[in-house]
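Subject: The two-chain model to look through

Hi,

Here is the structure I promised to pass on to you. Have a look at it first, and then read my notes below.

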Amino acid sequence: MNQKQLEKMNRQESILRSLKMLDFLTRSQIQRIHDLKSDRNAQRVLKQMEEYLNVIKDGEYIYYLNAKGRELVDCNKVRKRTGNVQHYIMRNHLYIAFRCPKTWLNERRIISKSVSGKEEIKCVADAVFMKGDAHCIVEVDNTQTMKRNEKKIEKYRILRQRNSFGMMAPHFIWITTTEHRRKELIELHKGLNIQVFTVADFI
Amino acid sequence: MLFEILTSSIMLCLAGAGHYYKTNSINETKKILLIADRVGLYKDDEKLRIYRRTRNKEFNYTEYVFKVPYGLGFEDFQKAYSVFKDGLNNKSKRQIELQRFKGLKFDKTLSKQIKDILDYRMDLKKELEMEYDGMLRMRVFDHGIADRVDYDKSILKRVKNWEVPIGFTHKEFIKHDFEKMPILLVAGMTRYGKTVFLKNVVTTLIHNEPDNLSLSLVDLKGGLSFARYRNCKQVKSLAKNANETLETLEALEKELIRRQELFLRNGWEDIKEANWKERHVVIVDEGAEITGFDSVQRDRAQYLVGEIARIGAGLGFRLIFCTQYPLASVFPSQVKANTSAALCFKLKTATQSGVVLDKNGAEDLPVGIPGRGIYQSDQERIVQSPYIDNSFIDTIIKPHITINFKSRSEIIDESKTTGEDESTGKYITIFEDAGLSN
């Protein structure tokens, strides 16, 4: 096998691995994560990988792993074409915006309980990563109601008071759909470190 | 009949308005030319001549370009600077503010109230700048220095890293960079904005460098003004009296020596070369109180402050020394020798001004305007430093307050005795994979 083929396989595998990690990716997101330069080149590369990928044609092409692809990167999680693909896509926007942090982990459950096991609080963050010593908590607000967001923020507030995130104040990073919701979220987070983006920031 | 009354009343209105605008609109160009004429700035029959007049909307000033008559130089005009400035500020602008009619009270003083409104003359505070580049350029700023500026988010956006806002002159925003000038002297009479300025500094630094900042606050007024920062995670110690002050300073000196040795071992010249992001800011409020300690403590404290000033800068220490009563005996000579920047609010006497700025001036600042001061670094400027509201401080520092409300010395004692990991409290936190499939 010559050098060129090896490089090509390496790139294909790294794309599959990021799909394993991030579930769904649009073409432009793959392009940005893997530095595929022009649109045309990206389309060519992905076309060659056809046999490992499933595609949703929804405006832009959205890719996810099929059975053969999962086998290649040893992935047990089966993804299906769902209605809330947009949720994943929005989260990926943030992943790219924060320069693909190595500590990024999707869907982390944070459990805090007292030593005796009582007063348990459970909370699932859409993603968690570290910025220096500080935790960053990523939340996607796509189709949720504001009421649910409020409850979640209240939980985070308690977690913070319990020092669950260590000595450094945690950063909360939200992505939402409209300018109005952005304002509302900032209002809800009074006293916490927060950054809110809208989808429009990334398009 | 009706028609006649209507038309004549309209005519009357127009005539009145015309007269109002005619007497009210001051033609600055004419004013300047007139002043120049009267001061004697002309040669034979050649007078100062206007060449161009431009209005700058962004900075609210008008620039006049004049052709200077042969035989006169820029210096002649500079000599007359104050004449021009006073002439432009001649209290002559009559301003009728319609808003004020709303507040009228209908009683027998009504006619007097209306007269007051009509006769109201606005105070002019124009600022003048002169420059010569073949033509004489005069810039007339609409407003001099504002009497009060409020600290808000827009100011916060204009400083980054280790910069703090000093204040506004009539045209620009002045900031102080602790990376370039590590020691800052602050002096001024009581109630003239010293403590507010210190709060500005602390809040700005906490906001801009929350993770790299550590603070030691020495407040010899009893710790009241810094009380709100007590629980911020950046604040390492808050000293309120002589004993605590010495304790803090001793700890700082130990740290100084430790760093010195560490740097020497690694061959670093200063903190920049070591590539440390952390900076330790030491703030001494009411430094004059140190002279009130008993003699042993006083000498020790002054020596330690001097040490921090002398060798601290390269090791990442920043010092703000602040006093109401600047006398040569109050400033440790090491602090004085190492400062390159000073902010001086109003002072009582020229002697005090001499101690801080090495020249007179601070005693001539206007009475009753807190926050007005002289900032001296590479050049000297009169600034208005912004007023920070306590509720604004709270919104900025709230994310950085640690939940433990015990004082810091207590925490240290506890960790010594129990030795257990107290940092997480009695709660255990687990991060696990939620493993949600779709």
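The side chains of R182(A) and E179(A) meet in a salt bridge, with 2.8 Å from N to O. The term stands for a side-chain nitrogen of Lys or Arg within 4 Å of a carboxyl oxygen of Asp or Glu. Side chains of opposite charge can pair when their charged atoms come close. Both R182(A) and E179(A) sit in helix 7 (residues 179-188) of chain A, three residues apart, which is about one turn of the helix. Over all chains, the rule gives 31 salt bridges.

Before you go further, please note that this is a predicted model, in which local features need pLDDT of at least 70 and side-chain atom pairs count only at pLDDT 80 or more, while totals for chains, interfaces and linings use all residues. Residues are numbered from 1 along each chain as its sequence is written, chains are lettered from A and ligands numbered from 1 in the order in which they are written, and side-chain values use heavy atoms, with hydrogens and water left out.

Helices (H or I, at least four residues) and strands (E, at least two) are DSSP runs, numbered from the N terminus. Two strands pair if DSSP finds at least two bridges between them. Angles run from 0 to 180 degrees between N-to-C directions, with axes as lines fitted to C-alpha atoms, for helices over the stretch in contact.

Now for the sheet that involves both chains. It is an open sheet of six strands in the order 8(A)-7(A)-6(A)-5(A)-4(A)-15(B), with mixed pairing. Its edge strands, each pairing on one side only, are strand 8 (193-198) of chain A and strand 15 of chain B. From one strand to the next, the twist averages 35°. Strand 4 of chain A and strand 15 (residues 427-433) of chain B run antiparallel and are joined by seven bridges. Which residue is the bridge partner of I111(A) in strand 15 of chain B? That partner is I430(B).

Further along, five bridges join strand 5 of chain A to strand 6 (residues 134-140) of chain A, again antiparallel. There, A127(A) stands opposite V138(A) of strand 6. Helix 6 of chain A packs on this sheet, touching strand 4, strand 5, strand 6 and strand 7 (171-176) of chain A, and its direction makes about 70° with that of strand 5.

How do the two chains meet? The contact (heavy atoms within 4.5 Å) takes 33 residues from chain A and 23 residues from chain B. The area buried between them is about 2,600 Å², of which carbon and sulfur atoms give 55%. R108(A), R109(A) and I111(A) supply 19% of the area that chain A buries against chain B, more than any other three residues. Buried area here is the accessible area (1.4 Å probe) that two parts lose on being put together, summed over both. How many salt bridges does the rule find across the interface of chain A and chain B? The rule finds zero there.

Chain A also has a hairpin: strand 2 and strand 3 of chain A, with one residue between them, and G59(A) in the turn has a positive phi of about 75°. Six bridges join strand 2 (residues 53-58) to strand 3 (residues 60-65), which run antiparallel. V55(A) has Y63(A) as its bridge partner.

Chain B has an open sheet of four strands in the order 1-2-4-3, with antiparallel pairing. Strand 1 (49-56) and strand 3 (127-132) of chain B are its edges, and the twist averages 20° from one strand to the next. Seven bridges join strand 1 to strand 2 (residues 61-67) of chain B, and one pairs R49(B) with K67(B). Helix 2 (residues 28-39) of chain B lies across strand 1, strand 2 and strand 4 (136-141), at about 45° to strand 2. Helix 4 (residues 81-88) of chain B lies across strand 3 and strand 4, at about 140° to strand 3.

Happy exploring!
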